[in-house]
Amino acid sequence: MNKLSDNAVKVLERRYLSRDENGNLIETPDELFMRVAKHIASADKIFDENADIEKTEKEFYTLMSDLKFMPNSPTLMNAGKRLGQLSACFVLPIGDSMTEIFETIKNTALIHQSGGGTGFSFSRIRPAGSAVRSTGGVASGPITFMSVFDAATEAVKQGGTRRGANMGILRVDHPDILDFIKCKSDEHVINNFNISVGLTEKFMEAAIKGEDYELIDPRDKHVAGKLNAKKVFDIIVDGAWRNGEPGIIFLDRLNKDNVVPTVGEFEATNPCGEQPLLPYESCNLGSINLQRMVKLNADKYEIDYDELGKTVDSAVHFLDNVIEVNKYPLEEISKTTRATRKIGLGIMGFADLLYRLRISYNSEEGIETANNVMKFINDRAHEASRNLAKTRGTFPLYEESTLKAANNPMRNATCTTIAPTGTISIICGASSGIEPLFALSFVRNVMDNDELPQVEPYFEEVAKKEGFYSPELMRKIAKEGTLQHIDEVPEHIKKVFVTAHDVTPKYHIRMQSAFQRHTDNAVSKTVNFANSATKEDVANVFMLAYKLGCKGVTIYRDGSRQEQVLYVGEKKVEKGQNEQQSSFVNAVIPRPRPEITRGMTEKVQIGCGNLYVTVNYDELGICEVFANLGRAGGCPSQSEATSRLISTALRAGMSVYSIIEQLKGIRCHSTLRQRATNKNIKVLSCPDAIGRVLEKALKLWQEEKGKGFGNSDTHIEPINNIHDDEISDIVEPIAKSEVRTPCPECGNEMEHEGGCTICRSCGYSKCG
């Protein structure tokens, strides 16, 4: 077994390794790989009772333990366990009746409970204001029902090992499209969804020409109005520029590659957009670590195509077996998935590969390498699937598929997908998916307040070999975020070791297009923009993605989310401000405690007895929390510490929504044991109780302020009261400084990549 990094072990312990009923680890990383390999290999017996299971088990174990390939997270978590749900993503249909909608919500809850993510099209729901014959009322429209799905996800995800994630898609010709585009302009609503607009070829042609296009009522397909396509396109661009949403999906392109069009059409994808699926289909994903697919030849690295080919063969075998031993959450999903047997083999470590080959990501040679590598993987995966078909048979719907017409008998309707690889790439010590590396060096604060530079291992190796390494230089690189303006680094090193913000949007899209050319399904990628990027820049990228044959695209402009409060580098000092205070945003001073507050106190039963939680607020919002234990004892010092930290965070401007999200769902074994026999205990722990009371107090405050629950928390961060066109004067960083998203679980920097947000320190992911 290859040595895992400390960070990989930490992520495995936190999210993947088995625990006993008291929460104690009972599995090592090596035992995890053995557990998964044994369970997946057992499928061979289904097809051949004389199969050498031990040989396959060893093959699969080596594949994972050597960090050459890793399946999606649910497979690592659940293979060989009672739950047994191994798929990463599902698409569920949403009809137009109340019965159909809430049946889908129920099914969504079951999928999220099992660790899967879900994608939906809301395009079949009648627009807001339409008549409802059965009640004589008026329809509320798809956006309202998205909020119901969001609330259900919020309820199910608490305390789980993998948070639920959703993709919501609405066709651009739906009459409610403008409301959909703007539905996440408030970042504190519909938080459990990524959203994308489903664009059609007809719409894009109209947008290019500046013409109107028709809106179609989904009930009877009549024309319900017209909009100017260019204006709608600009509104989509505006939303993406402001906070990264919505993304765009090219629906007609998805359906052009639909292998079984007689069964249905693609209307939705998984949460990160790379896997279009028919209703009730699921997909099993896995990724090859290209960092491990190299060999030395005369002191230079080159791609080891022999090793890569063998790895592809094993990975296709592995993923086809997953379909067979998977315990699907719904019978309809089992039936539909087995009918097409889609798998999604992708890659990670592409940026690492380019570093070793001494090729710049943003170069013609980089694009050519992407094209060559993915063509090899795709062709070899198809060959492996054809070989499986000879012994196991084709997928059941082969006879009515487009592959039959092409005389291409396959075991799997699709073989390749480029997915984000957030946590599994951490386990493998690899860069994520096809993304450029986010940073070569960053500074992490440690317990004694020292600043410890964390350096990408291969870059550190090269820096030491070429004689320019020093801890001081690594700190400088971490501060700058790029090598490009650092004189101590040789030019030939700067050219190769580029990071995400060194890559122009044009090359981001060109790289995505190169991979898409040789991928059956789609490619998950984030185009990262500097904070200074304009709306025109975003529009150009969307249009370039369309022209270069991409199936969708997600963009993120650095610092565009309100939740981002940490900076790398120096912040612009406003006139009259204390320089020492304002040079770093993380030097936040909480506002003073108000003279007069209002609030509520609630008694909550926990495992240790009674907990009395008091939450107070003033006109600006919630400002303090007190938690006191009754006479039964418990941990009064910890409760007091928790209360003080929450109060300090609130008055320092931290979002109360973020605090509630982090507290709710925390479990205490003492409380859980008592809860099993005491029906009066409704919470999971002291922090969970505080989070729930905070939620009630927030609603109470909003009611007093005349706002509905779920509105923007301007009461927490007064800066949000400032008009949009004034914000740039306040938060604009000086050259080279960038706003970063702090991880809600560990506080380290988060990265926007592959259509998702991932913390590479602890493995937290917003997409599950």
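The angle here is about 75°, and the two axes are 8 Å apart. If you want to find the pair in the viewer, helix 2 covers residues 29–41 and helix 12 covers residues 305–325. Please keep in mind that this is a predicted model.

Which residues make the contact between helix 2 and helix 12? From helix 2 come Val 36, His 39, Ile 40 and Ala 41. Helix 12 supplies Phe 318, Asn 321, Val 322 and Val 325. Sorted by class, the residues of this contact are 6 nonpolar and 2 polar, with no charged residues.

## The chain as a whole

Stepping back, the chain has 768 residues, and 56% of them count as buried. The chain holds 28 helices and 27 strands. Its accessible surface comes to about 32800 Å², and carbon and sulfur atoms account for 49% of that area.

How much of the contact count comes from residues 24 or more positions apart? Among contacts with a separation of 6 or more, such pairs make up 69%.

Most peptide bonds are trans, and most residues other than glycine have a negative phi.

Between Glu 245 and Pro 246, the peptide bond is cis, with omega near 10°. To locate the spot, look at the loop that runs from helix 10 (229–243) to strand 10 (247–250), where Pro 246 lies.

## Two residues with positive phi

Lys 221 is not a glycine, yet its phi is positive, at about 65°. You will find Lys 221 in the loop that links strand 8 (212–216) with strand 9 (223–228). Is Lys 221 buried or exposed? Its relative accessibility is 59%, so Lys 221 counts as exposed; the cut-off for that class is over 50%.

Arg 358 is another residue other than glycine with a positive phi, in this case near 60°. Arg 358 sits in the loop between helix 14 (350–357) and helix 15 (364–392). With a relative accessible area of 37%, Arg 358 is partly exposed, because that value falls between the limits of under 20% for buried and over 50% for exposed.

Technical notes:
Residues are numbered from 1 along each chain as its sequence is written. This is a predicted model: local features need pLDDT of at least 70, side-chain atom pairs count only at pLDDT 80 or more; totals for chains, interfaces and linings use all residues. Side-chain values use heavy atoms; hydrogens and water are left out. Axes are lines fitted to C-alpha atoms, for helices over the stretch in contact, and angles run from 0 to 180 degrees between N-to-C directions. Helices (H or I, at least four residues) and strands (E, at least two) are DSSP runs, numbered from the N terminus. Contact means heavy atoms within 4.5 Å. Ala, Val, Leu, Ile, Met, Phe, Trp, Tyr, Cys and Pro count as nonpolar, Asp, Glu, Lys and Arg as charged, and the others, Gly among them, as polar. Buried means under 20% relative accessible area, exposed over 50%, partly exposed in between (1.4 Å probe, protein chains only). Accessible areas come from the Shrake-Rupley method with a 1.4 Å probe; for residues, only the protein chains shown count as cover.
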